[in-house]
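Start with the structure, then read the points by topic.

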Amino acid sequence: MTAAQLWIASLALAALGLLMLAGRLLLRQHRAERTEQRVAQLLRQRETAAAVIQPFPMPGLPPMPSSASQSEQEAAQQVIERLKPPAWLDTGLAKALFADEDRKLMEQAGIEMARGGLTFVVSRTVLCLALPALALLFFEPQGTKAVFYGFAAFSLGLMLPKWILRSKANNRRKQVVEELPLFVDLLRLLQGVGLSIDQSLHILATEFGSVLRVLSAELGLANRLYSSGRTREQSLQRLAMLGADDDMSAVVNLLVQVDRHGGAVQEPLREFSLRLREKRQASFKEKIGTITVKMTGVMVLTLLPALIVITAGPGFTAVIRSLSSIGGR
């Protein structure tokens, strides 16, 4: 067997082993999901049975918690469990393939940590082994070229999932920047009609999902975390990391301070809204300036030849005719 064939055989065996490991992780994840579903089903059955046994409060007995509060607590607990990374992500191979920076990017991209982490680790593993094998099979390099092609394909397979994840996180952060002025205006409007911070955030999370696609989902998650016992600062910590600049962090800090110490929030929100509008106008002017510079090159490449043909065409035609008449004589 040649060196290239040995490389391909070793990579195929390594890929088979890692695929078996990925299958084991998928099976473990599936079992964990089935266990969670079974526990939730048992809790619902117990709640239904308790409601049938004690439909009305009896004297001398403590009142039972309502089904709505229990369901909210269960939903909040499920949210907390989903946000926690699974235990297998703390192993050596998972830590090497799924670093802290990747976990932060996954949170910013809005992907569930358990399934997203598993998909990320498996995709990185498969691509790191499949791309070198495909490169060696397709290009059939020899000697030093084989090592170079294998290393380049391995690097591409290692970094490609991270690039995709980073692109998705950046797009989501840009969407947050676009939604932030409307979020501030709606929050100021709800505060102006006499609603509290909790009521305003709840309405923004439930009623404005069509216009605040990212922020409404994150606010709903923050509200569930807050109802489960987290502080306002802890529940909004994930939301503070979404902004592409410090504006989102400033809004979160303002909400935390108002929730902690109280006070009027309409005037700070109005000033902050004006600052956001001025900042957006400045960014629009900057974009218009860059577009003007870019359009200069486009105009030179497209309009200048047409102008030369229109303006200098008749002169060139007359010169060519005169030269042809002189040559004919």
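Buried means under 20% relative accessible area, exposed over 50%, and partly exposed in between (1.4 Å probe, protein chains only). The model is predicted: local features need pLDDT of at least 70, side-chain atom pairs count only at pLDDT 80 or more, and totals for chains, interfaces and linings use all residues. Residues are numbered from 1 along each chain as its sequence is written, and side-chain values use heavy atoms, with hydrogens and water left out.

**Salt bridges**
- The structure holds 9 salt bridges (a side-chain nitrogen of Lys or Arg within 4 Å of a carboxyl oxygen of Asp or Glu).
- Arg232 pairs with Asp198, with the closest N and O atoms 2.0 Å apart.
- This pair joins helix α9 (residues 232-235) to helix α7 (residues 197-207), 34 residues apart; helices are DSSP runs (H or I, at least four residues), numbered from the N terminus.
- Arg232 is buried at 3% relative accessibility, whereas Asp198 is partly exposed at 35%.
- Glu218 meets Arg238 at 3.0 Å, N to O.
- Glu218 lies in helix α8 (residues 213-227) and Arg238 in helix α10 (residues 237-240), so the bridge ties together parts 20 residues apart in sequence.
- Glu218 is buried at 4%, and Arg238 is buried at 17%.

**Network**
- Salt bridges link Glu101, Asp102, Arg124, Lys162 and Arg166 in a network.
- Within it, Glu101 bridges to Lys162 at 3.3 Å between the closest N and O atoms.
- Glu101 is partly exposed at 44%; Lys162 is buried at 11%.

Key: Helices (H or I, at least four residues) and strands (E, at least two) are DSSP runs, numbered from the N terminus.
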